[in-house]
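Below are notes for a colleague who is opening this model for the first time. Please read them with the structure in view.

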Amino acid sequence: MKIRSLLLLVSLFAGYVSSAQEVSDSLYIRENYTKIERLIPMRDGVKLFTSIYIPKDQGKKYPILLNRTPYTVSPYGENEFKTTLGPSPGFVREGYIFVYQDVRGKWMSEGEFEDIRPHIADKKDKSQIDEGSDTYDTIDWLLKNLDSDNGKVGMYGISYPGFYSTAALPDAHPALKAVSPQAPVTDWFRGDDFHHNGALFLTDAFNFYSSFGVPRPKPVTRADAPPSVEFLMNDNYEFFMELGPVKNIKDEYFGDSIRFWNDVVEHGTLDTFWKAREIVRHLYDIKPAVLVVGGLFDAEDTFGGFHTYKMIEKQNPHADNRLVMGPWFHGGWVRSDGSYFGDIEFGSETGTWYQKNIEIPFFNYYLKGEGEFNAAEATVFLTGSNQWKNFNAWPPEGTTTKKLFLHKNGSLSFDAPKEVESFDEYISDPSSPVPYQQGVHKTRSREYMIDDQRFASKRPDVMVYQSEVLTEDVTLVGPLKAKLKVSTTGTDADYIVKLIDVYPQGAQAPQHNPDIIMGGYQMLVRGEVLRGKFRNSFEKPEPFVPGEVTSVDYTLPDVAHTFKKGHRIMIQVQNSWFPLVDRNPQKFIDIYSDAEDSDFQKATHRIYHDQENASFIEVELL
């Protein structure tokens, strides 16, 4: 009781300090900045609402930090101020002109909004616009109409604003010197937010578009925003089970009003609609310095950070392009101090360290010419060992490629199987899908990315393989490649592979949650799904041949984790992850438009692990 009381006091004190700092920053902003609001004209005549915070001290010139967002620049009104400015709280006192803009078609800006608006590479006239041209025109206006800027502009954004930051890179304005896409939306069919490898992330898509997707008939502030779609969801598992097939969402809730939902269900393969929205296809001849930031446990956009960095590297070998990946949830490098997430502690305030040692120095160096910026090519936090590691490349060079083989009797090792015939057989039932997390959840939790998997390992439809107790540390870095040999009695199936760190008995509880039992804890390090019909092509889905041994190969997002001596490595394989991922009827069908209740059927699955048909996870050992 004394320990709990002490922890409560520490928590209350931390909250008090945070609140006091926010009050202090808010007062500082009011006393030291002038706020103006402008409608900035774009080349096609559409005007975008922009809030500009200018330092009152006009004795020197300041760089501009720009944030473009679909989530509102509120508060509106030149006498209403934000409580903090810039990418993280420390920027308030660094000396910048801070600019916030409602993107085209959102909130107080004119025009029509388009989700992840396609980039137009060779614009023919002023009517051809994209997010890159809107950014260019905004910067051009700012430089011509502000008196106190130093001629240099930086840009940043988390999640959707991260996409707008990335979209500013092709054919960037010459004054744009430093850009930081953070957890950037990058690929909405294969990796981020609403699809992973062709599988619909049901809860995220439904919850997001029930509010974000509601049409805005005219420019509005928060007070005048149109209402969200109404629904009652106290248990997301129960809600989506009762809702039934995906097409019922439109029939019972969205109708034809949610435009992008209609686009999603009409484009069930990687067609030209999705390809046009892959901004990374256009990341060539990049001139600004780039700092890509992401979280290893980001439920929305883990893929986006890694993929954006890699594509810039691949297409711009000489670009000034760097990567930071920490042990964070979505935006956790700003929205927390980064000392822990879920039940797992990291031994230091990783978010605060990043802000002070990388983010502020990055913008100060490239926009003000102050100090030095000596960050490594890739600065990545190794969970498990809880240390920052500097790499000359990502994925790191000099690693050893190894195969973690699945074996009979639930074992896992780096040794290839010797059995002539060996497989695990089980039944997957869409009427009782495997939940993505233990307990009852009203909304999708962010903690599922790192949470205890003991609840799943107890189910008969989750295959579990674990190593012997490790006699030395094992550090995995870079992508994981799942290479499974499977068969099914159905004609389609989802495959979910999870990499898990199993804690030894006697492991100590974290200080921030002393009641948790860490002995035997199964920490999710990485999990990912593939919709089986896309195993050979995202453009041309193929049915499974019932009973035929089939290869299912796909790449999971990168990891950076040390399995400590005394721990075990575990792999779990399952065929549902609900309601994170929509249910696969296990029948080759257009799940969005054609699937009926009667189409959802049980299937018997096999995972093979013998000499001829070995299943394994290919990993990179540091």
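1. What covers helix 3 (residues 160-167)? The cover of its buried residues includes strand 3 (62-69), helix 2 (131-145), strand 5 (149-158), strand 6 (176-182), helix 4 (202-209) and helix 9 (302-315). Contact here means heavy atoms within 4.5 Å. Helices (H or I, at least four residues) and strands (E, at least two) are DSSP runs, numbered from the N terminus. Eight of the eight residues of helix 3 are buried, among them Y160, F163 and Y164. Buried stands for under 20% relative accessible area, exposed for over 50%, and partly exposed for values in between (1.4 Å probe, protein chains only).

2. On the basis of these notes: the model is predicted, local features need pLDDT of at least 70, side-chain atom pairs count only at pLDDT 80 or more, and totals for chains, interfaces and linings use all residues. Residues are numbered from 1 along each chain as its sequence is written, and side-chain values use heavy atoms, with hydrogens and water left out.

3. The whole structure has 34 salt bridges (a side-chain nitrogen of Lys or Arg within 4 Å of a carboxyl oxygen of Asp or Glu). One of them joins E114 and R277 at 2.7 Å, N to O. E114 lies in the loop between strand 4 and helix 2, and R277 in the loop between helix 8 (272-275) and strand 9 (289-295), so this pair ties together parts that are 163 residues apart in sequence. R277 counts as buried, at 9% relative accessibility.

4. R117 and E131 form another salt bridge, with their closest N and O atoms 3.0 Å apart. R117 is in the loop between strand 4 and helix 2, while E131 is in helix 2, 14 residues apart. Both ends are buried: R117 at 10% relative accessibility and E131 at 2%.

5. E278 and R190 meet in a salt bridge of 2.8 Å, N to O. E278 is buried at 4% relative accessibility, whereas R190 is partly exposed at 24%. Salt bridges with shared partners join D44, R68, R104, E114, R117, E131, D134 and R277 into one network.

6. A search of the whole structure finds 62 aromatic pairs. Rings of Phe, Tyr and Trp (its six-membered ring) pair if their centres lie within 6.5 Å; planes under 30 degrees apart are stacked, over 60 edge-to-face, and the rest tilted. Y53 and Y100 have ring centres 6.0 Å apart and planes at 85°, so they are edge-to-face. Both are buried.
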